[in-house]
Structure formats: structure tokens, C-alpha cells
Amino acid sequence: MSLNYDQAVEKYEPTLGLEVHVELNTKSKMFCSCSTEFGGAPNTQTCPVCLGLPGALPVVNGKAIESTILIGLALNCSIAPFSRFARKNYFYPDMPKNFQTSQYDEPICVNGYLDVEIETDEGVKPFRVEIERVHMEEDTGKSLHVGGATGRIHGADYSLLDYNRAGIPLVEIVTKIVGGTGKYAPQVARAYVTELRDILRSLGVSDVKMEQGSMRCDVNLSLAPIGSGELGTRSETKNVNSLRSVERAVIGEVVRQSNRLQDGERIVQETRHFQEESGQTRSGRSKEQAEDYRYFPEPDLVPVVPDSAWIEELRATLPEKPSTRRARLQAEWSVPDKEMTSLVNAGLLDVVEETITIGADPTRARSWWLGEVSRLANEREVDPTTLITPSQVAEVISLIASGDLTDKLARQVVEGVIAGEGTPVEVIAERGLKVVSDDGALMTAIAAAIASQPDTAERVRGGNIPAAGALIGAVMKATGGQADAAKVRELLLKHLGQGE
Amino acid sequence: MAAALASGETTSVELTEAHYAQIEKVDAQVHAFLYLDKEGALAQAADVDAKRKSGVELSPLAGIPLALKDVLAQKGIPTTCGSKMLEGWRPPYDSTVVSKLKAAGIVILGKTNMDEFAMGSSTENSAYGVTHNPWDLTRIPGGSGGGSSAALAAFEAPLAIGTDTGGSIRQPAAVTGTVGVKPTYGGVSRYGLIAFSSSLDQAGPCARTVLDAALLHEVIAGHDERDSTSIDAPVPQVVKAAKKLDVKGMKIGVVKELQGEGFQSGVLSKFHEGLDALVAAGAELVEVSCPTFDYALAAYYLIAPSECSSNLARFDSMRYGIRIGDDGNRSAEEVMKLTRHEGFGPEVKRRIILGTYALSSGYYDAYYGSAQKVRTLLMRDFNAAFAQADVLVSPTAPTTAFKIGANDNDPLAMYLNDIATIPVNMAGIGGMSLPCGLAEEDGLPVGFQIMSPAMRDDLMYQVGGTLEAALLSKWGGPLLDKAPVLAGN
């Protein structure tokens, strides 16, 4: 019998490790002056340096160092007074020099932490994720495998290489071993990546778009029998490209690994790839034969020795911490803990704040984003913020407040906006979703309902108020849901002699 | 030559054509050049002549021809590093050294032969044939920059550029009776110098006199923002120093460890004649000891191969150079393997394997790590020595030029050629070799090495210029006058 997630975490204790790669949004690449603009024609943003031509030499982008130090400071790290680049040597066609200039044993930021909040059975609880290191490196080029059935390298007829991405500055943020999460490992992982994304966004150092790959997460996970105090063999899941996937990848790996362990099989130390559709991971390259990257200090670059006064200047420019901001907004909006955590974990804080800033009522803004919009986003398996803008949501809310829309109609408007039918006003016009509040039109419908259900009408007249529901329902049906239900109820009861 | 150009006695075009004529005459015997850019050189010469005629102010070396070691990228000109791997590759950019040469109006005649990827001490490791020493065509011209030095000795070019990772400028200068200088590491930009060992490589001037070398040194030196390791400080005034001709009161440190076992007797006796000349000129000799020098060679043969194993990884057939076995069925990895198998020569492969091993996990500390420690100790030895002396001196190479093929089966014997030059690279300081006579036993040139503290390159030029003047008056003319005249075709 195979274990499901709940059964798995009753037997096994998960241990996490998260590696997040972030593309910095500097104008030029890490070691040359080529543009980092996304989407250029292949190989148009290259030069001798990022193509690794013989004789070319790297020069560090000062802005990238500044961004990395900012990240380190925001993550409570120590900034190393002396750090170095190192070469990570391995062969791959999309890597121009066949080594990646990275940092190894002397990273620029070390020993930080990030506090997150997770919803538990006992309410919202804080959890501290310790950060091992933050270091700089360069991105590789991209391979496009043409022909063959899978689009993967095996079976392809030929491959094309685009080096526009080669040399784009990357920052890698690596946690220490994250233990003690128990069954909340998926929530911790997601809350951490969410919080990290919010911090990076607030620093303005990266676009942090997981779907476009400017933020990528590798999830390391191992299991050990509860209480054993051991660390199991870990797998490293790559290709985890959304917050939701982070959570699903952890769940998927816990279930997969627990079932292997349950069956007496061993866990293979390997790279796995997350499958968006199934939520499962697929085996990639085995790391049993640990690849030897032959790291050594990059002789073409001088050590990074940031001035301590400069570090303090940067520290002074740090924006309000997302956690501080959350506490402030929570107080301003008077939101319960649990709902606040949901907002944050769903990545909706910014859009809700924006919606409220435009003038929407805080409670309604929250409930629209967290409710209807999130539901539609879940159905489509996309990020809610990509579906509709804060100003559109604010507009819908204001139309409800003015009585021009009912909640039910508003849901249809939102659906229309998401379907690309235009702005809320356009959707209303196009779909004819105006609230029917004209007494004459409603009275006609009410009369028709009474005529078709005389017995029910009689019971209401006799004082059985709840029975009016059936009549109201008939009116709503007749008006295609566009009637204001409260108004219908008022008119109906009055007509049947039950109005106040 | 510069004076003749300035006075209008000759033109750059005439000078350039004369050198091509000499190349035409003797290069079949010497084989110093891999590529001649006659069209480009003559156009550049004509340009300088036109500028001179119109009265534009020109740099001192404008219009003088030069031979460029094939390890430096020159836009549009084949650049092979003496390797089959880069056959046919024409760089789309100029190295900083080449940009500076062009800006100074120096006429680049062509590219000179070298040991493949600058790995060797004899130019026998070139994929394009050996270069012969103009003093004796059966002997090696040194390496890796044998082509550049041989071109000078054979009067095929008055100036040349070399690169020196462990002695590749100085040792060829020594065995061809010419002058070669390895500037302080970071003194000359490495941008466009195809890397062998990044932390050791340094381009420098090759010439027939110390002053010529100084003039060329000032053209190519200086900070370059495209090379992070280039030093952001004023270039030492080496031309002024070379003209001083005065060493009175200077302390010359004679390195005890670089004159004993393994040094040919004729080399030592000429070296001592050089010392005598310096003493006669008013310098004071002090003996200095650098005990760590005994480990320099071993440490070098860990660091240089380690860095080369990584630097040469980029030659994978994907973007430039040759590609072997791409028949549509083989994978990229298979084509890479075949190309590297065919494209690299045995010495390059030997060093890649050595370096790959030295950097491997589990061996790193014992090999690469220990070698870096030796490097730190070497620097300490040099610092202590420079506390006692203004410059240090030694013979440049333990022997005169050996016969072609003599060390074919003994890489270690070959490596020993660089025993006196390697410590300079390891410490990043400056080193010069100038001729100090012909060894009695074989009549071949002997090199005298002067080492100066980092960024005090002027000191070695001062001592070198003085020594050269003293020896010239003793000999009654340049040493190269004693070289056999090549018959030509």
C-alpha cells in the first residue's frame, strides 16, 4: 500500500535545503558591457568576453556587487571583507569558457537568516530559515535542441546555441539545512521563497519573475525516520518555477521518497526535474559519481574587497523590510493573522495594497483577491496577479458599492475581464450585466413568480417568511441573475403583505 | 632607425619592404614567421609616412616594423598560438597590446612562431614546425617565443613582442643574443593575450638593445580597464632609466641559488664577466640567498598546468577553431573529444592532464594549494633579497642553445631551462635578459638576467642599459655582429 503525504510525514521527518538563483536586473552583464535585455534576437547581445573568445578577460560589474551586498544585508548576512571568484570547471556546449565564473569557498555574504510565518494547526507561527551564503556567478547560454520527439538533447537532429544569456549576473542564495519543519515542510519552503521574492522585489535588484526564469529555485529534500536524528540521502529538484510548484515539489518528493523507503529501497542522490503537470519529479542526472568541478580561485579577477563605509551606506538605503511592512499593513487593515498569512503566501500583498490605495475598501479588496481571483487563477494554474490588475479589481468593488453590480454579477465581470473581454465597464456593456433595480421591471417578474407558485405565495402571506426564498429564486432566474436580491425580497414581501 | 625615419633619410614603407626582403631571404632557414601581413603592414607604413610628411607629431617608434608573437589577438589576422586547434581562426578584435602598437604607428609585419599555447622552451612544440636559431640553425631559438627572438637575431624585424609565463621572453632572448623583458605582472594588459597561465602570463618587449626594449615597453604598458589584473599606476619611466648609464652606488644582489649545479661553465664565466663590468661601473655586489627558489620549478609546474587546464577548456570546437568528426551522427561531446584529441599537441595534453589532476578534489590541497604556498614563500624571499639589493641578477638560462631534438624524450630536462626565470613570474616582479657574451666552449650567446621589484621596472633598465654600454665598448660592437650571416636562398 502506498503512502500519501499525511501518512508519509507521520513516519518520516523531512529536511529541506533551498537554493535560489536570481538574475540581477543590471543593465549590463556580470563581466562585460553587453546588454542584459530579455528577448533579443539570438547572439546579438554578445562580445569576445561573454563568448569566451581566446584572449578575452572578464571585468566585474560593480553594480552587481552592490546588488549582491544589498541582498546579503537584507538577509541579515555578514558581508565578507575579502571574497573571491572561483572557476567551476565542466564541459557544456552552452558554456562559452567551459568553466563558470562563480564563487566557491570565499562567497561575498555568509551566515544570514530569514524569518517567515506559516499557518499551523495551532495558528500562525514564525519559522527562521538560516542562510548559508549568498554568492555571485554568471549565467550560461541557452541550448535549443531541434528535431526529435522530445525537444531534449537526446534524439535531437541538431542544437542551436544562444549566448545572449551567457554572462548575465546571477546571485545564488543557499540556505543551511532546514530541519524541524515536520509536516509543514511544504509551507516553509513556499513561505521562504515568497518572502525572499518580496525582499528582492523591495530591493529592486531583480525582476523576480519565476515564470520567466529570473528567479529559479532548486529544492533539496531528504527524509529520515522520525526520531532517528539522522539525515537521509537527498535529491535535488530543479525546474521549480512558481511558488505553488515549490510547495508541490516538496510534497511530491516527500511522497516519492517515503514510498521508496517504505519499500526498503534506497534514495539515489540525484538531480530531479519538477513536472508542472503532474506535480511529480523525474529523474535527471545522477550525482552518485560526484562531479568534480575542480574549483580554484579565478586568476583573471582581483578579490572583491568592499569598503566597510560603503557597506554601511548601502545598509542605510535598505527599504522597509517586508515583514515590518506586513505588520504595518495588517494593523492598518485590521486583518486576522491567518488571512494575512494567506495573503502573503499567495503573493497578493502588493496587489491588495495597490487596490486599497486606489480607494477600495480593505476587506473587500482582500476578499476579492484571495477569493474569486485566486480561485480562477487556481483553475488556470497561473499566478493571480497575472490575471487582472489592481485598478480593475478596485473598479469592480466600487461598482458593487454604488449598487451597479451585485456580488454575483461582479463575479461575471471579473471572469469577463480575465477572459480578455475588456475593462469592467466594457464587460458590463458587452454582457449586459446591469443590475435590474427598476421597480416596474421587478414587479412584473414578481407577479409572474407569484402566478406560477400560488401555493408558496399563500404560505408567505400566512407568515411563513422563509418560504419566500423560492419566489425570490424564481425572480432572480427570470432576470438572469441581474436583479438586486435584497431589493427583490423587499418588494416581494411588501407585495405579499409582509413588509415592515 | 627611428632617427633615420625622423630625418627623412628613409621611409617606413622602405624600412618595411627591406624587412620583408630579409624575411624572404632567410625565413625559409629560420622559420620565425607563421603569417605575414604584407598588405596590412605596408598600408600602415604608408599611413605613417603620410602623417610624418604632413607634420603630424608621431610617437618615437612610429613607422618601425615589429614581429608579433602569435599568442596575441590581432583583428582579422590568423592567430593560432602555434596550435592546430586554432588553425584559420581570425580574431574579431584587437588585443590591447596590438591596439597600442597600432596607435603608436608601429608596423606589424606578421605573426611569429611559438611553442603551442606558449608551452615549451624551444619552439619545437609548434604545430607548424620548429624555428631555427640564427646563430646555429641546428639549434633551438628558445621558447616559447623562439619566433620573435629569432626574427630579431636574423634581422627580420628590429622589434618584437613576446609573452613570458615562465621565461618565454627571456630565455629565447638569452639563447639568441637579444634583449627581452618581462615587465611586472599587471604592467602590460593581458586583454587579447590568449591565456596559458593567467596569473603568470605577461607580454613584454623584445629588441636588440635595452633602449629599444624600453621604448617599446612604454608603448605597450599601462593600465587597461579591460584587464582587472592590470595595475592602475603610472608606468615606470623605463626609457629615462635605460639612458642613465649609471649604476654608481647601486647594490646588485647575486642570487646564490642560481649559479651552481646544472649551469654550463661558459654561461657562468660570461655571467661573471657581466658582474665584473657592473662593479667596474661603480655598482656594489652583494650575495643574496633565496632558499625557496629550489621549490619554484615544482610549484610552477603545478600552478601553470592547473590554470592551463581551465583556460584551454574553451577550445571545444563549438564556436571557433577546427572541428573534427562532426558527421551529423556524433554528439557534441564526441566531437569535442575528437577535436581536442586532434587539435592539441602532446605537451599541451601533458599539461592539461597534469593540471586537471592537480585541481581534482582530494588532491587540490596537496598540489595546487601547496604550490600557492610556495609562491607566497618565494615572494618573501624576494622581499628579503630586495631589502639588501636594488636588483637581483643571475644567468638567464643554465645553458646556451641546445640542439633541436636534444630534449625530445625528456620533458623534465626541458623544464629545467626555466629554473632561473620562473621565480620572477611566480612573484610577479620584473625580469630582463640581455646578452653578456659568447660561451667559450660553443661560441653561443649567454643571457644575463636582471630582476627588479614589482613596478620598479626602471631599475632593471638602468642596470641593463649600463651593463650593455660597458659590454659594447669591451666588444667593440654589438654581439649580433658576431653571428654568422645567413646565406639565404
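1. Of the 500 residues in chain A, 43% are buried, a residue being buried if 20 or more other C-beta atoms lie within 10 Å of its own, exposed if 12 or fewer, and partly exposed in between, with C-beta atoms placed from the backbone. This is a predicted model, in which local features need pLDDT of at least 70 and side-chain atom pairs count only at pLDDT 80 or more, whereas totals for chains, interfaces and linings use all residues. Residues are numbered from 1 along each chain as its sequence is written, while chains are lettered from A and ligands numbered from 1 in the order in which they are written.

2. The C-alpha trace of chain A spans about 95 × 55 × 55 Å along its principal axes. Among contacts in chain A between residues at least 6 apart in sequence, 68% join residues at least 24 apart; two residues are in contact if their C-beta atoms, placed from the backbone, lie within 7 Å.

3. An automatic or database domain assignment supplies the domain bounds, and it divides chain A into domain 1 (5–314), domain 2 (320–431) and domain 3 (439–495). The centres of domain 2 and domain 3 of chain A, taken over C-alpha atoms, are separated by 32 Å. To the contact between them, domain 2 of chain A and domain 3 of chain A contribute 4 residues each.

4. Chain A has 16 helices and 14 strands, which are DSSP runs numbered from the N terminus (helices H or I, at least four residues; strands E, at least two). Helix α6 of chain A, residues 322–333, has 12 residues and reaches 16 Å from its first C-alpha to its last, close to the 16 Å expected at 1.5 Å a residue, where the expected span is 1.5 Å times one less than the number of residues. After α6(A) comes S334(A), whose phi is positive, near 45 degrees.

5. Strand β5 of chain A (residues 109–120) pairs in the antiparallel sense with strand β2 (residues 78–79) over 2 bridges, pairing being assigned if DSSP finds at least two bridges between two strands. In this pairing I79(A) stands opposite C109(A). β5(A) also runs antiparallel to strand β6 (residues 123–138) of chain A, to which 11 bridges join it; a hairpin connects β5(A) to β6(A) through 2 residues, and I118(A) has K125(A) as its bridge partner in β6(A).

6. Between the chains, 25 residues of chain A are in contact with 34 residues of chain B.
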